[in-house]
Amino acid sequence: MSNDISLLRQAFVSQRQFYDDQNFPRGFGRSGNFTLLEANILEQHGVVLKGLYNKILEPQNEIQAQFLAVVSGSQEPTNAIERTWIKYLKLTTCKTKFHTLFGRSRISSPTPQSQDYYSESDSL
């Protein structure tokens, strides 16, 4: 399969731009998660990629059929569009772990010392 980006762009041509305001409200390019090429791929071809992924669209050519095989997990991504979509899916569908320096458990209050250690002569 050819990795020529111009052939790939023709295989996934779309009339509309793709936006994901829920996950990336400032856009793909400003999110800090994607390179300029990846952001451009998502904006220009994301409508077709999402339609294929959600099975709304049927594959129209061999490259789109390979894309579906990659998304289903039966093949490894071999081109920039497939790698970008897999990266997009990881960022939007996987729950991210948030690590903090502070725990959620509360420190228990100090246990009172028993009266056995004190005598009447120790009192003030």
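The chain holds 4 helices and 0 strands, where helices (H or I, at least four residues) and strands (E, at least two) are DSSP runs numbered from the N terminus. Read from the N terminus, the order of elements is α-α-α-α. The model is a predicted one, in which local features need pLDDT of at least 70 and side-chain atom pairs count only at pLDDT 80 or more, while totals for chains, interfaces and linings use all residues. Residues are numbered from 1 along each chain as its sequence is written, and side-chain values use heavy atoms, with hydrogens and water left out.

Of the 124 residues in the chain, 27% are buried; buried means under 20% relative accessible area, exposed over 50%, and partly exposed in between (1.4 Å probe, protein chains only). The accessible surface of the chain comes to about 9800 Å², and carbon and sulfur atoms hold 51% of that surface. These areas come from the Shrake-Rupley method with a 1.4 Å probe, and for residues only the protein chains shown count as cover. A contact is taken as heavy atoms within 4.5 Å. Among contacts between residues at least 6 apart in sequence, 62% join residues at least 24 apart.

Aromatic rings deserve a paragraph of their own. A pair of aromatic rings is described by the distance of the centres and the angle of the planes. Here, rings of Phe, Tyr and Trp (its six-membered ring) pair if their centres lie within 6.5 Å; planes under 30 degrees apart count as stacked, over 60 as edge-to-face and the rest as tilted. By this rule the count comes to 12 aromatic pairs. In one of them, the rings of Phe 28 and Phe 34 have centres 5.8 Å apart and planes at 85°, so this pair is edge-to-face. Phe 28 is buried at a relative accessible area of 2%, and Phe 34 is buried at 8%. Phe 67 and Trp 85 also form an edge-to-face pair, with 6.4 Å from centre to centre and 65° between the planes. Phe 67 lies in helix α3 and Trp 85 in helix α4, so the pair ties together parts that are 18 residues apart in sequence. Both partners are buried, Phe 67 with a relative accessible area of 0% and Trp 85 with 1%. Ring pairs link a cluster made of Phe 12, Phe 18, Phe 24, Phe 28, Phe 34, Tyr 53, Phe 67, Trp 85 and Tyr 88. Leaving aside residues up to four places away in sequence, Phe 28 touches Phe 18, Tyr 19, Asp 20, Phe 34, Ala 39, Leu 42, Glu 43 and Tyr 88.

Helix α3 has Ile 63, Gln 64, Gln 66, Phe 67, Ala 69 and Val 70 among its residues, and these are buried. Their cover includes α1, α2 and α4. At the start of α3, a side-chain oxygen of Asn 61 reaches to within 3.2 Å of the backbone nitrogen of Ile 63. Just after the helix, Gly 73 takes a positive phi of about 95°.

Helix α4 (residues 80-93) has 14 residues and reaches 20 Å from its first C-alpha to its last, close to the 20 Å expected at 1.5 Å a residue, the expected span being 1.5 Å times one less than the number of residues. Asn 79 caps the N-terminal end of α4, with a side-chain oxygen 3.2 Å from the backbone nitrogen of Ile 81. The buried residues of α4 are Ala 80, Ile 81, Glu 82, Thr 84, Trp 85, Tyr 88 and Leu 89. Leu 91, also in helix α4, is partly exposed, with a relative accessible area of 36%. Its C-alpha atom and that of Asn 33, 58 residues away along the chain, are separated by 8.4 Å.

Finally, His 45 has its place in helix α2 and counts as buried at 5% relative accessibility. The His 45 side chain reaches the backbone oxygen of Phe 12 at 2.8 Å, a polar contact being a pair of N or O atoms within 3.5 Å; within protein, one must be able to donate a hydrogen and the other to accept it, and residues adjacent in sequence count only if both atoms are side-chain atoms.
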